[in-house]
Amino acid sequence: MAGCASRPPHDAEIAALKQCYENTRKLDEAKENIALRQNLKAGDIAPIKDVSAFIPGGIESLKCPAGGVYTNMVIGQWPPCSVHGSVKDIRKQIDALRTDK
Ligand SMILES: [Zn+2]
């Protein structure tokens, strides 16, 4: 297809969402590690300071570009962003931006 020279208008927003997604993925990984070590079950809450200890640089190093925070560490649920929402919401927003040209 011709006309690929101009940047799609939503690049920056998509990049922000992707970074946020990546943050929540790292948090989820750390959280599931805690769950194994502390024998937590689905629905339990992983202590955020323990989760943070599993992240290189701590949880503060995972910054949502939109200023969202990650505080909900329920076992069995992907940690949501306070701005972008659940991982489903994040994916939906990325898809919507990709198709809305
Ligand atoms: Zn976010």
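Good morning. I shall begin with the ground rules. The model is predicted, and local features are described where pLDDT is at least 70, side-chain atom pairs count only at pLDDT 80 or more, and totals for chains, interfaces and linings use all residues. Residues are numbered from 1 along each chain as its sequence is written.

Let us turn to confidence. The score is pLDDT, the predictor's confidence in each residue, from 0 to 100. The chain averages 91, and 91% of the residues score at least 70. Among the helices, the mean is highest in helix 1, at 96, and lowest in helix 3, at 94.

Now the overall architecture. The chain has 3 helices and 0 strands, and its elements follow the order α-α-α from the N terminus. Helices here are DSSP runs of H or I with at least four residues, strands are runs of E with at least two, and both are numbered from the N terminus. The C-alpha trace spans about 55 × 25 × 20 Å along its principal axes.

A word on burial is needed next. A residue is buried if 20 or more other C-beta atoms lie within 10 Å of its own, exposed if 12 or fewer, and partly exposed in between, with C-beta atoms placed from the backbone. By that rule, 20% of the 101 residues count as buried.

Contacts have a rule as well: two residues are in contact if their C-beta atoms, placed from the backbone, lie within 7 Å. Among contacts between residues at least 6 apart in sequence, 58% join residues at least 24 apart.

I come now to helix 1. This helix covers residues 11-38, which is 28 residues, and reaches 40 Å from its first C-alpha to its last. That is close to the expected 40 Å, where the expected span is 1.5 Å times one less than the number of residues. Several of its residues are buried, among them Leu-17, Cys-20, Thr-24 and Leu-27. What covers the buried residues of helix 1 includes helix 2 (48-53) and helix 3 (87-99).

What follows helix 1? The next residue is Asn-39, whose phi is positive, near 55°. Asn-39 is a residue other than glycine with a positive phi, and it belongs to the loop between helix 1 and helix 2. Asn-39 counts as exposed because it has 8 C-beta neighbours inside 10 Å.

Let us look inside the chain. A nonpolar core is a set of buried Ala, Val, Leu, Ile, Met, Phe, Trp, Tyr and Cys residues joined through C-beta atoms within 7 Å. The largest one has 14 residues, and Leu-27, Val-51, Tyr-70 and Ile-90 have the most contacts inside it. Helix 1 and helix 3 are the elements that give two or more residues to this core, and helix 1 gives the most, with 5 residues. As a general remark, nonpolar side chains tend to be buried together in soluble globular proteins.

Which residues does Ile-90 touch, beyond those up to four places away in sequence? They are Leu-17, Cys-20, Tyr-21, Cys-81, His-84 and Gly-85.

Ile-45 lies in the loop between helix 1 and helix 2, whereas Met-73 lies in the loop between helix 2 and helix 3. Is Met-73 buried or exposed? Met-73 is buried, because 23 other C-beta atoms lie within 10 Å. Ile-45 counts as exposed, because it has 12 C-beta neighbours inside 10 Å. Leaving aside neighbours within four places in sequence, Ile-45 is in contact with Met-73 and Val-74. With neighbours up to four places away again not counted, Met-73 touches residues including Lys-31, Ile-48, Val-51 and Pro-79.

Lys-92 counts as partly exposed because it has 14 C-beta neighbours inside 10 Å. Its C-alpha atom is separated by 15 Å from that of Thr-24, 68 residues apart along the chain. Thank you for your attention.
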